[in-house]
Amino acid sequence: MTLPATDPGVRADEFVAARAYDHSCSMCHGIHGNANTPIASGMTPPPTDFSNPQTAARLTLEAMIQTISKGKKGTAMPGWSGRYSRNEIKALALHIVNTFMNRKGENRAE
């Protein structure tokens, strides 16, 4: 399956991480980042719950960028590098961290 170069809801010159999350991530990870969705309830293993403090403690920004880019083997998590640039993926990871993981202000890879 070939993905378009950009998210249909995002102009190439105006990437908005929150909008990209809504279009590409919320179906499985939920609008609140807690993976509480009808689709997620049928997944094994379930999608990552970004609102769980243990998740925030174990996931580094770089690990998140890697997973968003390449996907995660053995899960339903696809890689998004065919749709988003490295900088857009980093912005998306930062949006997840700052919105759902209570790690406000993080802006660098650990």
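What follows goes from the overall fold to the helices, then to the loops and single residues.

**Overall fold**

This is a predicted model. The protein chain has 6 helices and 0 strands. Read from the N terminus, its elements run α-α-α-α-α-α. The chain counts 110 residues, and 37% of them are buried. Take the contacts between residues at least 6 apart in sequence: 50% of these join residues at least 24 apart.

**Helix H1 and its partners**

Helix H1 spans residues 17–24, and helix H6 spans residues 86–100. Their axes come within 9 Å and cross at roughly 90 degrees. Angles from 65 to 115 degrees count as roughly perpendicular. H1 and H6 are therefore roughly perpendicular to each other. On the H1 side, the contact is made by Ala17, Ala18, Ala20 and Tyr21. On the H6 side, Ala91, Leu92, His95, Ile96 and Phe100 take part. By class, this contact has 8 nonpolar residues, 1 polar residue and no charged residues.

Which residues of H1 are buried? They are Ala17, Ala20, Tyr21 and Ser24. Seen down the axis of H1, these buried residues fall within an arc of 105 degrees, so they line one face of the helix. An α-helix has 3.6 residues a turn, so residues three or four places apart point the same way. The buried residues of H1 pack against H2 and H6.

**Helix H5**

Helix H5 covers residues 61–70. Its buried residues are Leu61, Met64, Ile65, Ile68 and Ser69. They cover an arc of only 130 degrees around the axis, which puts them on the same side of H5. What do the buried residues of H5 pack against? Their partner is H6. Just after H5 comes Gly71, with a positive phi of about 85 degrees.

**Cysteines**

How many disulfides does the structure hold? The count is 0. The sulfur of Cys25 has its closest cysteine sulfur in Cys28, at 8.8 Å, which is too far for a bond. The cut-off for a disulfide is a pair of cysteine sulfur atoms within 2.5 Å. Cys28, in turn, is in no disulfide. Cys25 is buried, with a relative accessible area of 8%.

**Loops and backbone features**

Two loops deserve a look. The loop between helix H2 (26–29) and H3 holds Ala35. Ala35 is not a glycine, yet it has a positive phi of about 60 degrees. At 16% relative accessibility, Ala35 counts as buried.

The other loop runs between H3 and helix H4 (53–58), and Pro45 lies in it. The peptide bond from Thr44 to Pro45 is cis, with omega near -5 degrees. Asn52 also lies in the loop between H3 and H4. The C-alpha atoms of Asn52 and Met101 are separated by 7.4 Å, although these residues are 49 apart along the chain.

Pro38 is found in helix H3, which spans residues 38–41. In sequence, Pro38 and Met27 are 11 residues apart. In space, they are 8.5 Å apart, C-alpha to C-alpha.

Thr55 lies in helix H4. Which residues does Thr55 touch, not counting residues up to four places away in sequence? They are Thr48, Asp49, Phe50 and Met101.

**Accessibility at a glance**

The table lists relative accessible area for the single residues discussed above.

| Residue | Relative accessible area | Class |
|---|---|---|
| Thr55 | 6% | buried |
| Cys25 | 8% | buried |
| Ala35 | 16% | buried |
| Asn52 | 27% | partly exposed |
| Pro38 | 73% | exposed |

The cut-offs behind the classes are these: buried means under 20%, and exposed means over 50%. Asn52 has 27% relative accessibility and so counts as partly exposed. Pro38, at 73%, is exposed.

Note on methods. Residues numbered from 1 in each chain as written. Predicted model: local features only at pLDDT ≥ 70, side-chain atom pairs only at ≥ 80, totals over all residues. Heavy atoms only, no water. Axes fitted to C-alpha atoms, helices over the stretch in contact; angles between N-to-C directions. Helix = DSSP H or I, 4+ residues; strand = E, 2+ residues; numbered from the N terminus. Parallel < 35°, antiparallel > 145°, perpendicular 65-115°, else oblique. Contact = heavy atoms within 4.5 Å. Nonpolar A, V, L, I, M, F, W, Y, C, P; charged D, E, K, R; others polar. Buried < 20%, exposed > 50% of the residue type's maximum accessible area, 1.4 Å probe, protein only. Arc of directions from axis to C-beta.
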